Every structure is written in structure tokens, then in C-alpha cells.
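Welcome! Have the model open beside you, and take your time turning it as you read.

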Amino acid sequence: MKDASPANAPLEIFLSDYTPPAYLVDTVELVFKLHPTATRVISKIAFRPNPEAMDRTFYLHGEQLKLIWAKIDGKDAQAKVTDLGLTAQAPDAPFIFEAEVEISPQTNTALEGLYMSNGMYCTQCEAEGFRKITYYPDRPDVMGVFTVTIEGDEKVKLSNGNDLGGGKWHDPWPKPAYLFALVAGDLVNHPDTFTTMSGKEVELNIWVRKGDLNKCAFGMDALKRSMKWDEEVYGREYDLDLFNIVAVDDFNMGAMENKGLNIFNSSAVLASPETSTDANFERIEAIIAHEYFHNWTGNRITCRDWFQLCLKEGLTVYRDSQFTADERSPAVKRIEDVIALRARQFREDNGPLAHPVRPESFVEINNFYTATVYEKGAEVIGMLKTLIGDEDYYKGCDLYFTRHDGQACTIEDWLACFEEVTGRDLTQFKLWYSQAGTPRVGVKEAWKDGTYTLTFTQHTPPTPGQDTKDPKVIPIAVGLLNDAGEEVHATRICEVTDEVHAFRFTGLDAKPVPSINRGFSAPIILEQDQDNATRAFLLANDTDPFNKWEAGRALARDVMIRMVTEDATPDQAYLDALLAVARDDTLDPAFKALVFSTPSADDIAQALFDGGVTPDPTKIYHVTQTLRQSVAHAMQDTLPRIYAEMQVDGPFSPDAEAAGKRAWGNVALSLLTRLDGGAQARAQFESADNMTQQLSALGALLRAEVGEDASKAFYEQWKDDRLVIDKWFSMQVTYAKLAAAPATAKALTNHPDFDMTNPNRFRAVFGALAGNTAGFHSPDGSGYALLADWLIKLDAKNPQTAARMSTAFETWKRYDADRQGMMREALERMKAAPNLSGDLLEMVTRILN
Ligand code: PHE
Ligand code: ZN
């Protein structure tokens, strides 16, 4: 933890201050003598001067280490040690640095560095955790070949690379320290093999605690499909004899791509039909793919410095979304991604935490593993591909892989590959990496003599530190339909490059209906004058599945906003349009389920705020309920039939088709529950043989406030399964009505199974509270106060997770003066808390500004 006092204020680091490392590393030998409170780490590191360095200061990072001794070329190094690192006099020639340090994994509750989870040793080094293991130049542009020896009684001892036996490991691929990993404990494996495209056999394992062995098959299958996909689509082959995945229960993030030894939050790898929902299966498949794909985009080619984080993350998210689209449904995946982008990234980009995809400064890098770096970073890759076309995109990727293999790179290196293969100047495109904020794109149409003109205007509102913005290049996919719903102009990419930019479509018989930003080709807010009749027309007729859905969403948003601002009743046109979708047998059930999902309360709050109206979460809650009730009534004759048709017989399969049927069937169930008092939901809850059906039924019952018995039964059935019990915690807060949510969350913190040191459990309660908009924003301020109390408590143990969860407050300026005052008070109280971490302090300070 960094000292937050002004005299010792946490340092802001700037991209523009980058300098090459003074010394480079050739080889690293590490010996671990494991002990819960006194692990010894003995290191032997071969350094050599970096010819490109500007000075010869020998500095190694190191935090919370007890130095036993340090030597340079066999002699006492006479090291000077601070809280943050070590300096010594080093030769201007290659030399060997050796040291022994002592660390205490058992007391490491930050889950960064070497720590213990359920009696098992494990590590997390990204971004700057290796410095809590030993003294080292802990920066990604220093890459070394690691040999690791693990000494201890543990049955299984793992590290990166290839197994030399006896707890000894060697990784032939030079890597930065953030990709180092070690695991030791009483683990069992689910083994398999994969033969690569050049015929090499790779041994695969998923390592888990004994009781979890029956939850590995799906993850293993996802891994093998990922390996195959990366060969087929990107031509990338795996490069070691062995690939290990380990599941750990206490983990701050989803998973980590350590070379040859991926470490996963158990929630991101363990799956079984009885305990995992369809959404869990899809997420697990995506995360396994994501971490595996990092082997090339992240590990073989890494980042020069942490400002370049999107180089590996944006690209790898883009790759995993391509994989999911290929394995499942491209339309459904795109819609899901856009829902998540708007919920998390647009929210971030339009608030006090807005920052560029490539930030220019930070205090704590852990605070920049954000939706902007990941999800907007992926959108930027998608736009690049749209602008240059598939062929040049893959050519550019090939060039990137061959030219930069083994290097630590920048966004400039990446873009140069595409400039080279296309001959195109990407200077303007690069603004997507440096300018924060979501562009607003307006559009006006004109029709004359067979020519249809669309005139786009672009404008990006100011964000912290960036008052004015230059126009970006925005690829907007446009198609045109006639009155009969036929496509009269196929999709064309309009490259909007100026503040005002017009595009002409000629030779048309009649004024067309435009379908704009198809496939969500650019991550923008489209400001389009469109009436609800046109939206209903596009929902019925658009040939682009994303825009078909988008039209329905715009319609729903408009209906809800009118209900809030004009006390309107639910629009019949909307209800009719939904009924038409429900009855259309040509549509994918998963798609129908997405059309029926209404915009979230947070979405509506932002839309109201953008329109100059102060949102009232209580009112939004009531409007949402009224609307759903009206949908249920309008559909009452159809619901039983849909429900019956969507029942999936036979053994459970997590594939997209079966999952889609369950999703649509459960939409019908939740609507039915509003009409039948829960009879159908209770029947489903009792007969369910998989978690999707069981949990959907429980959710429907809880929402109808008739779920208490079911909830008790659920707990009794699953009390020995921590991942399922996380769901149980979260469901109660998610479905708590209005002001009940804070009290429900508070009561749950007193439950014997509540454990604040487990991030999954903490998130189950407080992530659900933050996500329950009406509950978090209870008029009495109890939601704010409770979250602030618990973030302060958590911060003392786990600053990273506390800091990340403080984003619950990032929308505070949207709300009325009373709520703003109470949120400011909660934020100020956190800021003033004694011994606050640098992580949480940075977040709270930025949110307040
Ligand atoms: N690099 C990881 C991923 O995206 C995320 C991560 C970051 C995990 C930091 C742990 C700590 O896959
Ligand atoms: Zn990643």
C-alpha cells in the first residue's frame, strides 16, 4: 500500500516520460522454499547493460520484501533498500545479481504477488505484482528466460513452460515478469491432449481441487476449440509441450494469461449443467479463449509499457469476440457486446473516469483495467478491420506477428503494420486511441430526384483533461430499404472524417428508409430523428440483425422515457411490435429474448440525463415494472404456447441453440409469473435439472416477491458449492424491491457464509447492490453509506477490488441535489479514511473531480 499523505503522495506516471531500461535480463533462476508465513525466494539474475539506455542506474522494484542478502558477481551488493525498491552500484558490463528474500503468502490478502487461497499457493503478477515476490526490474519491456525450482511438501507444484520434474520448470520463451506464475497445492487434474497444425502433441491439464473434477470437461473442450480456431483464423500455433490451467477461488479478476500456466478465477472455468447457467457457459468459453489467445497477442508480443495495455487487451477481446461469434451466433454476440459496452464503457466514457483507450498518465495501473481499455479497445480493432477490409486486416496481423515476435511493442508498432500493407495513412484513425469520450453523431436526410443524401455531423463532448476534440474517422455502415422492407442499397461503409460529412445514394425510385450504423460498426451515440413507426418498421424488416434489434431497443427506450416524463401509458405500437416478433417463426429464439429485454434502469437514467431531465431511480423502477406488466398482459394468450415450445428435452447441452430456447422460454416464464402468481415458475424451480432453469425460476419468484421458500430450498440444496452460493447471495440483492436492497445486502453481510476476503462473494453482494439502481439510490442514502462502509473495510485488505467497485459512484452527477449531496459525502468519507490505499484514493479523487 502506498502512503497517501501529501509529502509522500502517490506518483503520477506519464507515457511521455518513457525511457528504456538501464539493464536487460537474459536469464532468471528462482528457487522457492514455500512456507505460509516465511517463504524464501532465492534469485539469480543475469543482467547486461542496455545499449539503448540513457543512464546506468541499477534499480530493482521490490515491495513488502524482507531482504536477507544480495550479491553482485558473488560479492555483497551493498544494496540500498526503500519501501519501493533496491539500488546498488552495478558494473557497466554483464553481471550476475543474486538475492534471498522472505515473504508471507498467508497474510497477503491483496491477492497480488504470492498468496494463499484455500491452502494452495498461487501468484498474480500482472501488472506489478512480481515486485512483491522478489527484487526485479518489474516492467514489461524487460524480458528474461525463467527457470524455477519449487521446494515444498505440496503434491502438485507448477510454474511456466516445460516440466523438468521434481518441482523444476523451464520456460524457453523470454517473458516479462508479469507473466510469471507459480502454483502449489493439493490439486488434481483433468487431462487431455491437442495436436497442433504442424503435428506437435501438446499435453493439456485443468488443475482443480478434488471436489471440482466433474466441472472441467466444458472448459477443456473450449480450450481445444480455441486452439484450433486460432490456427484456422489467425494462423497461430501453440508453442510449448504443455498448457496448464488452474482454478483458484480467491482471485481479483476473471483470469490471467501467464505463459503456459493460465490461472483462473474458479467462476471463469468450472462448469457443470447442474451448477452453471447458460450465461456462465458462454462466459467461461470466452474467457478460456481470451486467455489462450493472449499466448500470441500479449505473450509472444507484449506491451512496451502499461500505457500500451490495449495493445494486448483490446486486440485479445476482439479476437475472443470473433471466436464466440463463430462458435455461436454472430448477431446474438454482437447485441450482447453492445449491451455490455453501453452499460459499462459508455457509462465510463461519459463520466468523471473517462480516459483514452491508451491513457497518457496514471497513478495506479490496476485502475486502468477498464471497459475503455478492453471493450472500446476491441471496438477500435473492429473499426480498423471494417475500414481496411478483412484481407488487409489479416495481412497486417501476419506482418505484426512476424515482425514483432519476441518484442515489447507500442500502438505505433501495431498501426505501422496496417499502414504498410494498405498504404493508408492512419494518423486520423489513431485519434481513437488518444481521445476519450463517446462521439455523438447526428444525421439528417435529404431526398431529391432519385438521390438520397445522408449528412452526418460529429461531436465529442469534453472529458477530464480534454476540453476540445478533433474529428475522428468513423466507419458508419448504412443500408437502405424500400417501403416493402426490401433492401434497395446494400450495406455501404460511410467513412465520416469531417465535422460535417455528406454521402449520396443515387438511382433510387423512392425515398428509402435508412438503416444506419449496422452491426454497430462504430461505438458512437447516434442522434437520429426517427419516429416510432419507422422503428417498428425496421424492427419488423431490417435485414441487418443488429439494427433490427437496435430499432426495437430505441422504441423501448422512447416508450420508457415517455412513461417517465409524460406519465404516458405503454405505447400500443411497441406492444404490437413485440407481439409480431414473438410470432415470427423465422427468428432465432435467442434473438427474440434479446428483443424482449428492456433497457436497464441505468441506461434510462443516462438517457434522461442526456435529454436534460434529472433521473429518479424510483420512478424508473415503477415504469419498468408497469411496462413489463403491460407486455405480459398484451401477450397473455401467446405466453403458454411459447413456454411449452421452448422446453428442451433430452440431456443438457450448453450449445447456443439450446441456450437460446431456454432464454426465450424463460422470458415467457418471467412474464407468465406476473400473471399466474408464480405457479409455473414454482413448478419449473422444483423440476429443473439444470442451473439455467432453476435460477431463472428463482429470479421470477423473487421478483414477484413470492420466492422466500424457494430461496431457502436453494440454499439448502447448494450450501456446499461456493459458486452457486455466490449466485444465491447476489440474487437476493438483485431482486430486492426498491429501498429493500441496502437492508438486504446489509443482512447478508451477517450471514455465516459471507466472507469479505473472497472477491467473488464480496462482488455477489455489493456488485448486485450497485447494479440494483433503485436500491443503490434509495432516497434515504442507505445504499451509498453501506457501500462506502464496506469499501473502506475491504480496502484495508484488498485495495484492487475495493477501487474497482468504487465505480458504483461514477454516475453521481446525474442525480438530484439530495442524492448528489449524499454521494459526495460517501466519497469524501472514503477519501478521508485513515490509511486509504493509493488505489482507492485515486479512484475516489477522480470521481469527485
Ligand atoms: N490480463 C488479464 C486478462 O485480461 C486480466 C488481469 C489483469 C488479471 C490484472 C489479473 C490482474 O486476461
Ligand atoms: Zn486479457
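In strand E18, which residue is the bridge partner of valine 188? The partner is valine 208. Before we go on, a few words about what you are looking at. This is a predicted model, in which local features need pLDDT of at least 70 and side-chain atom pairs count only at pLDDT 80 or more, while totals for chains, interfaces and linings use all residues. Residues are numbered from 1 along each chain as its sequence is written, and chains are lettered from A and ligands numbered from 1 in the order in which they are written. Helices (H or I, at least four residues) and strands (E, at least two) are DSSP runs, numbered from the N terminus.

E17 and E18 (residues 201-208) run antiparallel and are joined by 8 bridges. Two strands count as paired if DSSP finds at least two bridges between them. These strands belong to an open sheet of 5 strands with mixed pairing, in the order E17-E18-E19-E21-E20. At its edges are E17 (188-195) and E20, each of which pairs on one side only. Helix H1 (residues 217-234) packs on this sheet and touches E17, E18 and E19 (242-248). The direction of H1 makes about 25° with that of E17; here axes are lines fitted to C-alpha atoms, for helices over the stretch in contact, and angles run from 0 to 180 degrees between N-to-C directions.

E18 and E19 pair in the parallel sense, over 5 bridges, and phenylalanine 243 in E19 is the bridge partner of leucine 204. Is E19 largely enclosed or left open? E19 is largely enclosed by the rest of the structure, because 6 of its 7 residues are buried. A residue is buried if 20 or more other C-beta atoms lie within 10 Å of its own, exposed if 12 or fewer, and partly exposed in between, with C-beta atoms placed from the backbone.

Strand E20 and helix H2 (278-293) each supply at least two residues of the shell around ligand 1. Which residues surround ligand 1? They are Gln124, Glu126, Met253, Ala255, Met256, Glu257, His290, Glu291, Glu313 and Tyr369. A residue counts as near the ligand if its C-beta atom, placed from the backbone, lies within 6 Å of it. The shell divides into 4 nonpolar, 2 polar and 4 charged residues. In this sorting, Ala, Val, Leu, Ile, Met, Phe, Trp, Tyr, Cys and Pro are nonpolar, Asp, Glu, Lys and Arg are charged, and the others, Gly among them, are polar.

One member of that shell, Glu126, has something else to show you. A cis peptide bond joins glutamate 126 and alanine 127, with omega about -5°. Alanine 127 sits in the loop between strand E11 (120-124) and strand E12 (144-151). For background, most peptide bonds are trans, and most residues other than glycine have a negative phi.

E25 (440-448) and E26 (451-459) have aspartate 449 in the loop between them. The hairpin has 2 residues between its strands, and aspartate 449 takes a positive phi near 50° there. Aspartate 449 is exposed, because 6 other C-beta atoms lie within 10 Å. The two strands run antiparallel, joined by 9 bridges, and glutamate 445 stands opposite leucine 454 in E26. E25 also runs parallel to strand E31 (residues 525-528), with 4 bridges joining them. Asparagine 835 has a positive phi too, near 60°, and is found in the loop between helix H26 (817-832) and helix H27 (838-848).

Our last stop is helix H22 (residues 759-771), which has a kink of about 25° centred on valine 765. The bend at a residue is the angle between axes fitted to the seven residues ending there and the seven starting there. H22 is mostly covered, with 10 of its 13 residues buried; among them are Phe762, Val765 and Leu769. What covers the buried residues of H22? The cover includes strand E21 (261-265) and helices H20 (722-734), H21 (740-749), H23 (773-776), H24 (782-795) and H25 (799-805). Contact here is when the C-beta atoms of two residues, placed from the backbone, lie within 7 Å.
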